[in-house]
Amino acid sequence: MAEHITSRANPLMVRVRKLGASRSFRRETGEFLGDGVKLLEEAVRWGADLTAVGYTAGVPEDVMKSISPMEAPQGALFTARCPGGALPKALSGRRYLALEGVQDPGNVGTIVRTADAFEADGVFLLPGCADLWNPKTVRSSMGAVFRLPAWSCSLEELHALAEEAGLPLAGSALREDTPDLREADLRRAVILVGSEGRGLSGAALALCAQTVRIPMGPRCESLNAAAAAAVLLWEGYRRTG
């Protein structure tokens, strides 16, 4: 049912603001907020369960600005139900990506988009990662969150799933004794990427069957998580027959 909204105090607008600002409210309601006509088109295309749609023809521009997570709203906002996030009982794919401690929503969204582009079978978000359904994550994914499975889990849960599927954990590391990425085979693996500042935890590295180092010039100490994930995913993808 269409409704012309003129007030920021409208109950739907209050709900939309809370969905954009509060991770706990998103978890409580099982809904998330998306922003932009292009993202809305992707949500519809890939079967997202929409619960509400707002657009500037029905919402005054000042009201739209007050509820949009973007500085310059792009004409449409929508809410939708978060897809079921229960862990799979088994992994049937051959290449997955896992993130640990990647706190920036834009980075997480970009990584999900990259994983989708290089045909990863799914993404695992380990503790310390930004919320998959943060509006900035959703927007940065450019719709990939609607196409690519993603799960939040513990390191122990991920290890158990990977071990059962016969998939080695391959962690990105900067240690000098770590083999060069060009020597690694990532066609069948769960690739682990940590934050730019801290890298992977000792606990994660201890569970890795192999660690890999991205070669780079001596003037550069590290890549950010999104760039590192892109290089690692491409290396696995390019060797896939």
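A salt bridge is a side-chain nitrogen of Lys or Arg within 4 Å of a carboxyl oxygen of Asp or Glu. Keep that in mind as you look at this predicted model, where K38, E42, R45, D116 and R147 are linked in a network of salt bridges.

## The chain as a whole

Let us step back before looking at single residues. The protein chain has nine helices and nine strands. Of its 241 residues, buried ones make up 47%. Contacts also tell us how the chain folds back on itself: among those between residues at least 6 apart in sequence, 78% join residues at least 24 apart.

## Salt bridges

| R147 | E42 | 2.9 Å |

Start with the salt bridge between E42 and R147, whose closest N and O atoms are 2.9 Å apart. E42 sits in helix 3 (residues 37–45), while R147 belongs to the loop between helix 6 (135–140) and strand 6 (150–152), so this pair ties together parts that are 105 residues apart in sequence.

R81 is partly exposed, at 43% relative accessibility. D49 has a relative accessible area of 43% and is partly exposed.

What is the relative accessible area of R182? The value is 56%, so R182 counts as exposed. D180, with a relative accessible area of 12%, is buried.

## Two helices side by side

Now turn to helix 5 (residues 105–117) and helix 9 (residues 225–238). Their axes come within 9 Å and cross at roughly 10 degrees. Angles under 35 degrees count as roughly parallel, and that is why helix 5 is described as roughly parallel to helix 9. The crossing of helix 5 past helix 9 is right-handed.

Which residues meet here? On the helix 5 side they are N107, T110, I111, T114 and A115, and on the helix 9 side they are A225, A226, A229, A230 and L233. Sorted by class, this contact has seven nonpolar residues, three polar residues and no charged ones.

With 18% relative accessibility, S172 counts as buried. Leaving aside residues up to four places away in sequence, S172 touches L192, L200, V212 and L232. The C-alpha atoms of S172 and C208 are separated by 9.6 Å, and these two residues are 36 residues apart along the chain.

A203 gives another view of the fold. This alanine lies in helix 8 (residues 202–207), and at 47% relative accessibility A203 is partly exposed. Between A203 and L155 there are 8.3 Å in space, from C-alpha to C-alpha, although they are 48 residues apart in sequence.

Finally, look at the backbone in two loops. E119 is in the loop between helix 5 and strand 5 (123–125), and its phi is near 55 degrees, a positive value in a residue other than glycine. M142 is in the loop between helix 6 and strand 6. Phi of M142 is near 55 degrees, again a positive value in a residue other than glycine. M142 is partly exposed, with a relative accessible area of 38%.

Terms used. Residues numbered from 1 in each chain as written. Predicted model: local features only at pLDDT ≥ 70, side-chain atom pairs only at ≥ 80, totals over all residues. Heavy atoms only, no water. Axes fitted to C-alpha atoms, helices over the stretch in contact; angles between N-to-C directions. Helix = DSSP H or I, 4+ residues; strand = E, 2+ residues; numbered from the N terminus. Parallel < 35°, antiparallel > 145°, perpendicular 65-115°, else oblique. Left-handed = near helix turned anticlockwise from the far one by under 90°. Contact = heavy atoms within 4.5 Å. Nonpolar A, V, L, I, M, F, W, Y, C, P; charged D, E, K, R; others polar. Buried < 20%, exposed > 50% of the residue type's maximum accessible area, 1.4 Å probe, protein only.
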